[in-house]
Amino acid sequence: MKLFNNVFWGILPFAAAMFFQTCHSVRSIRPVSAELVHYHGRNIPCINGKYCPPIAYSPPFSISRNPYSEDGRINYDNFAKADIDLVEMHIELRNAWNPDGTLNIPMVRHELISTLQGILAINPAACFQVRLDIHAPLWWLKKYPEEQTGYARGAVDFNAPNDIVRAPNASLASERWKREATQILKQFLDYLDTTDVGKRVYSFMAGGGCGSEWHYFGYRQEPDTGEAMTRNFRRWLSEKYGTDRALQDAWNHPGATIAAATVPDLDERRYHTGVFRDPQKERRIIDYFHCHQETVEEAILHFTRQLRENWPRKVLVGLFNGYLFFDNDFNANGHLYFDRLLDSPYIDFFAGPYNYSRQARDPGGTSQPRSLVESVNLHGKLFMTEQDRILHRLTQSRDHETVLKNDDGSIATLRTNFAQLASRAAGYWFEEFSSFPGFPPFWGHLPLEEVAGNFNSPAIMAEIKCQQTFYSEMIHRDYESVADVAFFYDFNTYYYMAECDNPQTREIEHASNNGMISDAFRSGATFDTYLFSDMQRIDYSKYRAVVFGTTYCMSNADMDFIDRVIKKDGRTVIFTYAPAYTDGYRLDMDRTSKITGMKLRSIQMDTPPMVTVNGREYGLSSRSLSTDGSAGSVPVTPLFAIDDTQVEVLGYYKDTQISAIARKKHADYTVVYAALPLRDPDLIRLLFREAGAHIYNNDNDVIIAGGGIVCLATKEGESGKRIVRLRNGKEVETVMKPGSTVILDDRTGNILFD
């Protein structure tokens, strides 16, 4: 009987798909037209005139992608019953790229079309997002070796297991690859539109580079030293400098010529004088990384434009980009032109998994998005988080995630993830795993009757349906961020940070981008995150505190704007580590003293720096991806001390009387300077409270608020009575279990979803 059931359920979806295809001609299916609209303060999809909550299901890399299997049938049916009709599927165009330049249509039918037909048979209301990888096939790479990505760490390895290492790939600077891939893409779009399921496509994800996330191929291998990039670099230098003389002056190299310029090798990239690159000595390397990042940007703009202009109906177009939190290798990875992509008319949404640190993913974690979501919203785009947490239903996990144990733990994690979505007017998709081959062992899939997928639990699916129902209602209500604190981070800063094999820079970045933000989530306040390049586009009237994170490169105009516009109205302005230390032309501690308004001096320490605040200590640790605030691994240069008698000292370097954190009050504003990125939720809470920010909770729990909700999450091992003070003055008492999450209505305090 079991064998009969398996065979029956295996055949039934296929038969249903064939019946569906027979009974529904292409003409009988209403074509999908989609656009991103600004609606009640949110940027959301509008599909065939209907405003849709941006929540989707994404199984393209799991064994559950197959709708003709029992696994697939169960999961697609689960999400259809949860009223989630947006489904993502993936295709590698290189698999359908014939050597004669034509599209292999049978391969497209096999890899994509039949799968979408099976899904539509299970859920006739389904609309599809197609994720396209625009990589070059292996035969092409062997035919055109001069078009390959080159790596400073070594030769291309044709046996490489993935694109993080030195795998063969087309250089993103290759014009031949771009031209020929475009022809395949156009053929694919033309064919897709002739199919029944093509009429149901509402969105495309343009995938490129490492992991389809537009990280440069092999970014940890220091690309791209290949012939195509070398040609591109020389073109870029010609456009920037025009003459060899101008190049020689900029590089401080009398013999340099544009025609003979090469990409910096590994030894040059490793050279550094501490955390920063000196623009007067290392302009050649800084120039290359600008060219490198611009190359990624140009490829993205090219292919997103092709998707927009070669599809016959309105369609959403998006991609992975804008990663800041939990990232390093910024110089090589390819996201530093995010601010320019935000203004592209070809892009509707950006996406990324949420922060991979333990502070984000462990029970009671922050579920922090990878990007600066408020800047995405500010530019009229949508941010989509990939909800890729492996839940307790599967045996597999990642080494930077605690294994969840039961429905309660999984639901708590999903609730915190949802709180980030709702509070920031964002969206997300549920990423299916069920033996995702990228996380061995592939054979770790539990028996079908017990699992069938990452979310296949009645309790989990009930939670997901509650989220969908709630957000479907909330998108029709006015949205406005309730944050009264703003954080700024700057992608441009990273050109001047010496990342290659440099633990000093890595630890500063982790402490600022992950540790400080994680502790801010536990301060009891709520905050927005912005690109520094958006600083002059923001209304500051609601912000009681403004924090400058990794903003170590500032122009004189930037500094003037901060002095005139932000340092006023009783606001607290917080600077960390080395604000304005460079203007892009030189390194200058006096600029840091000027922007902070405090007298600083340079110091040297032979041990990793640590700060003591009220008996508590923190440093720059990034061990185990946790950024736990303990001592880092190396001393740091430069390092500053506060040498100003007009300040209130808040913290000292450990075991010294050298001031490391201080506050200086002025008539109309207050400045705080921290010589290391700020840590310690209690200290951050004190600064925010005294600035006038609303504090929801004093217990170092994660607080996420906005979009009609207040979320409270406790770590494992922490529990008990909690008091949450709403903005209307109402105090709500709740008893928290260890590692649990509750979501409250922000007006009544009633618990939602339970």
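Is G692 buried, exposed or partly exposed? With a relative accessibility of 46%, G692 counts as partly exposed (buried is under 20% relative accessible area, exposed is over 50% and partly exposed lies in between, using a 1.4 Å probe and protein chains only).

## About the model

This is a predicted model, in which local features need pLDDT of at least 70 and side-chain atom pairs count only at pLDDT 80 or more, while totals for chains, interfaces and linings use all residues. Residues are numbered from 1 along each chain as its sequence is written, and side-chain values use heavy atoms, with hydrogens and water left out.

## Two loop residues

G692 sits in the loop between helix 19 (681–691) and strand 23 (702–706); helices (H or I, at least four residues) and strands (E, at least two) are DSSP runs numbered from the N terminus. From C-alpha to C-alpha, G692 is 8.4 Å from R571, although 121 residues separate the two in sequence.

R277 belongs to the loop between helix 8 (266–270) and helix 9. R277 is buried, at 1% relative accessible area. Its side chain reaches the backbone oxygen of Y271 at 3.3 Å. That is a polar contact, meaning a pair of N or O atoms within 3.5 Å; within protein, one must be able to donate a hydrogen and the other to accept it, and residues adjacent in sequence count only if both atoms are side-chain atoms.

## The nonpolar cores

Let's turn to the interior. A nonpolar core is a set of buried Ala, Val, Leu, Ile, Met, Phe, Trp, Tyr and Cys residues joined through side-chain atoms within 4.5 Å. The largest one has 202 residues, and W177, F188, F548 and F688 touch the most other members. Helix 9 (residues 283–309) supplies the largest share of this core, with ten residues. Another core lies apart from it, with 18 residues that include V32, A56, L86 and M384.

## Helix 3

Helix 3 (residues 105–122) has 18 residues, which at 1.5 Å a residue should span 26 Å, and its end C-alpha atoms are 24 Å apart, in agreement. The expected span is 1.5 Å times one less than the number of residues. The helix bends by about 35° at I113, where the bend is the angle between axes fitted to the seven residues ending there and the seven starting there.

At the N-terminal end, N104 caps helix 3, with a side-chain oxygen 3.1 Å from the backbone nitrogen of M107. Buried residues of helix 3 include V108, L112, I113, L116 and I119.

## Strands and hairpins

Strand 21 (residues 659–665) is mostly covered, with six of its seven residues buried. Strand 20 (residues 648–653) pairs with strand 21 in the antiparallel sense over four bridges; two strands pair if DSSP finds at least two bridges between them. Here G651 has I661 as its bridge partner. Five residues lie between these strands in a hairpin, and D655 in the turn has a positive phi of about 65°. Strand 21 also runs antiparallel to strand 22 (residues 669–674), joined by five bridges, and K665 stands opposite T670. That hairpin has three residues between its strands.

Elsewhere, an open sheet of three strands has the order 1-2-3 with antiparallel pairing. Strand 1 (34–39) and strand 3 (50–51) are its edge strands, each pairing on one side only. Six bridges link strand 1 to strand 2 (residues 42–47), and H38 has N43 as its partner.
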